[in-house]
Amino acid sequence: MSSFWQTYDEAAARFANNVAVEIQRPGGLEQVTYRGLKEWAEAVAGWLASQGGIRRGDRCAILADNDARWCAVYLGILRLGAIAVPLDTNYSSTQVATVLKASGARLLVVGTRLLPTADGAGSGLPIVRMYAATGDDRPSLDAMFAASPPALPPCPAEPADPAVILYTSGTTSDPKGVVLTHANLAGERDSAFATVHVSEQDAVLGVLPLFHSLAQMANLLLPFAVGARVVYLETLNTTDLMKAFAERRITIFACVPQFFYLIHQRVTGKVAKGGWATRTIFHTLLKLNL
C-alpha cells in the first residue's frame, strides 16, 4: 500500500497526455493533462518546501472553489508528506479562523473570490493566492508555475501518515476535524473500485465542492488513480449541468440526491412544455424502460 501521491505519480506516467482536469467556463474550456497537473503539483511542493518551510506532517489549508489549481495544491501538499486541510467555502471568517487554529495549519492557499474571507479571519498565517492579483504582493501559484522545476526527494509519506483533515460544516457547533491517513484513502478507494469500474476511458462530472468527502473520493482520488478525466463547472446551474452531459461525454456522475432532483426537474419541465405528442412519447418510453 502506497501514499496517494505515489498512486497519482504512477497514473501520470502511464497517462501523461490524457486530460486530467477540464474546467467548463462560460468563456470556454480549460484543460490540464496528467503531466501538466503533476508539474503544477511539484512546483507547489517545491515552493512550499523552499519558501514556505513546509515539511512532512505540517498542515496546509485550502480555501478555494473547484479548479485544476485546487487539485494541484492538494497533490503538492501530499507530495511533501504534509497534510491537506480543505476548508468549506461557505465558512465565515470566524469559522476559518477557528479551523486554522484547531488544525495547526502553517499556511493558507486561497482562491481570489475568498480572499476577503481569509483576510477577515486575521489568522496571521502566510496566504498564498491561487491566481495573481494586481497590487497584491503575496505569493501566487502563477509565480510557482513560472519558476524552474524544483528538485525534490522522493515522497516521504507512509501509509500510516495522516494525509488530510476533513472538517464538518459547523452548523450546530464549531467544525470538528476528521483525520484520514494515506491507508484510509487507499482503503476507501479500493472499496469503491470493488463496486464501480472506473478506467482511463471514463469522464467524471464533479459538481460537489472538493472540501466535501464524497467529492474528494469520487472526483479526485478515484479518477486520478486510473487516468480518467474529471470535469468541473465554474458556474453551477441546470443549463451548465445539461451542457456538460451533452458536450463532455460524461460517463460517471457521483452526487447527492439534490442534484438528481435538479436534473429530473429540468427534464420533466421541458417535457411539460412540449406538445401532446412529445408528452405521449416520453411517458410511453418511460413505461417501456421500467
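Me: Which residue in E2 does Ile23 stand opposite?

Reply: This is a predicted model. In it, the residue of E2 that faces Ile23 is Glu30.

Me: What makes E1 and E2 a pair of strands?

Reply: Two strands count as paired if at least two bridges are found between them. E1 and E2 are joined over six bridges, in the antiparallel sense, so by that cut-off they are a pair. Val21 provides a further example, with Val32 in E2 as its bridge partner. The two strands form a hairpin, with two residues between them.

Me: Where do E1 and E2 lie in the order of the open sheet?

Reply: The order of the five strands is E2-E1-E10-E9-E11, and the pairing is mixed.

Me: How do you know whether Asn219 is buried or exposed?

Reply: A residue is called buried when its relative accessible area is under 20%. The value for Asn219 is 0%, so Asn219 is buried. This residue is found in helix H8. Leaving out residues up to four places away in sequence, Asn219 touches Val204, Leu205, Gly206, Val207, Leu214, Val230 and Tyr232.

Me: Is Arg229 to be called buried or exposed, and what value decides the matter?

Reply: The relative accessibility of Arg229 is 11%, and therefore Arg229 counts as buried. Its place is in strand E10. Not counting residues up to four places away in sequence, Arg229 touches Val19, Ala20, Glu22, Asp202, Ala203, Val204, Arg248 and Arg249. From Arg229 to Ser93 the C-alpha distance is 34 Å, and the two are 136 residues apart in sequence.

Me: What makes Leu166 buried?

Reply: The relative accessible area of Leu166 is 11%, so Leu166 is buried. The residue is found in strand E7 (residues 162-167). Neighbours within four places in sequence aside, Leu166 is in contact with Pro86, Lys176, Gly177, Val178, Leu180, Phe211, Ser213 and Gln216. The C-alpha atoms of Leu166 and Asp88 are separated by 9.3 Å, although the two residues are 78 residues apart along the chain.

Me: Which residues line the largest cavity?

Reply: The lining consists of Leu166, Leu180, Leu185, Glu188, Ser213, Gln216, Met217 and Leu221. The largest cavity holds about 40 Å³ of space, and the structure has one cavity of 30 Å³ or more. H8 gives the most to this lining, with four residues. Helix H7 (182-193) and helix H8 (213-226) each supply at least two residues.

Me: How many residues of each class are in the lining of the largest cavity?

Reply: There are five nonpolar, two polar and one charged residues. Leu and Met count as nonpolar, so Leu166 and Met217 are among the nonpolar ones. Glu counts as charged, so Glu188 belongs to the charged class.

Me: Which residues lie nearest the centre of the largest pocket?

Reply: They are Asp65, Asn66, Arg113, Leu233 and Glu234, out of 27 residues that line the largest pocket. Strand E1 (19-25) and strand E10 (229-233) are the elements that give two or more residues to the lining. The volume of the largest pocket is about 580 Å³. Its lining divides into 15 nonpolar, seven polar and five charged residues.

Me: Which helix gives the most to the lining of the second largest pocket?

Reply: Helix H2 (residues 34-50) does, with five residues. The lining includes Gly36, Trp40, Phe145 and Pro150, and about 160 Å³ of space lies in this second largest pocket. By class, its lining has six nonpolar, two polar and two charged residues.

Terms used: Residues numbered from 1 in each chain as written. Predicted model: local features only at pLDDT ≥ 70, side-chain atom pairs only at ≥ 80, totals over all residues. Heavy atoms only, no water. 1 Å grid on protein atoms, 1.4 Å probe; cavity = no way out; pocket = protein on both sides within 12 Å on 5 of 7 lines; lining within 4 Å. Points joined across faces, edges and corners; volume = space filled by probe spheres on them. Buried < 20%, exposed > 50% of the residue type's maximum accessible area, 1.4 Å probe, protein only. Contact = heavy atoms within 4.5 Å.
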